[in-house]
Amino acid sequence: MAVRPRVVVTRRVPAAVEDRATALFDATLNPTDTPFTMGQLQNAMRTADALLPTVTDKITAEVLGTTPRRAKIVANFGVGFNNIDVAAAKQNGIVVTNTPDVLTDETADTAIALLLMVARRLGEGERELRAGKWTGWRPTHHLGTKVTGKTLGVIGLGRIGRAVAKRASAGFGMRVVYYDPPVSAADGKAVGAEPRDSLEAVLRESDFVSLHAPALPETRHLMNAERLALMQRHAFLINTARGDLVDEAALVRALQAKTIAGAGLDVFEKEPVVTPELLAMENVVLLPHLGSASTETRVAMGMRALDNLEAFFSEKPPRDRVA
Ligand code: 8YV
């Protein structure tokens, strides 16, 4: 790397990642952490060799089609890359990479945390105590739902879905069923999960449903009113994947009509906006997209994005190329 490539990092990332970015590249960091405007993204495409964006940057066809353009690669900080118009990247000959593997455990932990929180009404309990409303122990206080022995339906048995299935079956003694046609029954069995032939069958059978599918045009509103209606009245929906998978308005209606018992959500359709009705519901646990938020993992994600850039600029194939 004789001339150091120019890399624009769109958000604050952990210091170790910023230090390495600066050591490897002519890196422009974002010390104020203010999200980029479309104009700033286009400017970065015009003036830098690479962009290192996050889920908050919409890398649209307009951004990718910026002319004149210097950028040749977009190294996303995140495994999900629905913030990037991959088809437009391909059309413009721009390479796209993501950061798989390094956030699998954290995201699975977050799904299990949400499951436990909604089942055992832990958010409600904490809110009550902090509000000074706890009057003392009583046998009928905040009775939740037992988790051990219940059925968890996993929609999408990829890396994170498998890690959730493993935790639920081996750690919590749950029965796990899944829907993910390309995954063999043997692979499911390895993580204690049994396949079902349809998404609908999983929804009908599960006490908890956890979503682990990517956000694609064909998975948008995967959980629509009809599918939500197939869930059992006592069942809970967990989403740590992407907000687009759930029709949030239909979810609110299902919760209001009590056709499902509750939800645990880490992701939303229009982040950071959350449908106001959800905020008022005690049986819903809401997290601000914290799925991968451990120091170790956010450092690992940043390093993985830098590894991809380093490979690309050394004319080696980046490990995590998705376009
Ligand atoms: C990230 C995520 O925090 O990696 C993903 O797909 O959803 C989160 O873990 C976020 O995307 C960072 O850009």
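This is a predicted model: local features need pLDDT of at least 70, side-chain atom pairs count only at pLDDT 80 or more; totals for chains, interfaces and linings use all residues.
**Ground rules.** I number residues from 1 along each chain as its sequence is written.

**Entry 1: the domains.** I looked up how the protein chain is divided, and found domain 1 (6-102 + 295-313) and domain 2 (104-286). These bounds come from an automatic or database domain assignment. I then took the centres over C-alpha atoms: 31 Å separate domain 1 from domain 2. Eight residues from domain 1 and six residues from domain 2 take part in the contact (heavy atoms within 4.5 Å).

**Entry 2: where they touch.** How much area do domain 1 and domain 2 bury between them? I noted about 620 Å², with 40% of it on carbon and sulfur atoms. Buried area here is the accessible area (1.4 Å probe) that two parts lose on being put together, summed over both. On the domain 1 side, N82, D101 and T297 supply 58% of the area buried against domain 2, more than any other three residues.

I also checked for salt bridges (a side-chain nitrogen of Lys or Arg within 4 Å of a carboxyl oxygen of Asp or Glu). The rule finds one across this interface. D101 forms a salt bridge with R159, and their closest N and O atoms are 3.9 Å apart.

**Entry 3: the ligand.** Next I listed the residues with a heavy atom within 4 Å of the ligand; among them are T54, F77, H289 and M301. Which residue has a polar side-chain atom 2.6 Å from an oxygen atom of the ligand? My note says S292. R242 has a side-chain N or O atom 2.7 Å from a ligand oxygen, and V55 brings a backbone N or O atom to 2.9 Å from one. The protein covers 92% of the 320 Å² of accessible area that the ligand has on its own (Shrake-Rupley method, 1.4 Å probe).

Key. Side-chain values use heavy atoms; hydrogens and water are left out. A polar contact is a pair of N or O atoms within 3.5 Å; within protein, one must be able to donate a hydrogen and the other to accept it, and residues adjacent in sequence count only if both atoms are side-chain atoms.
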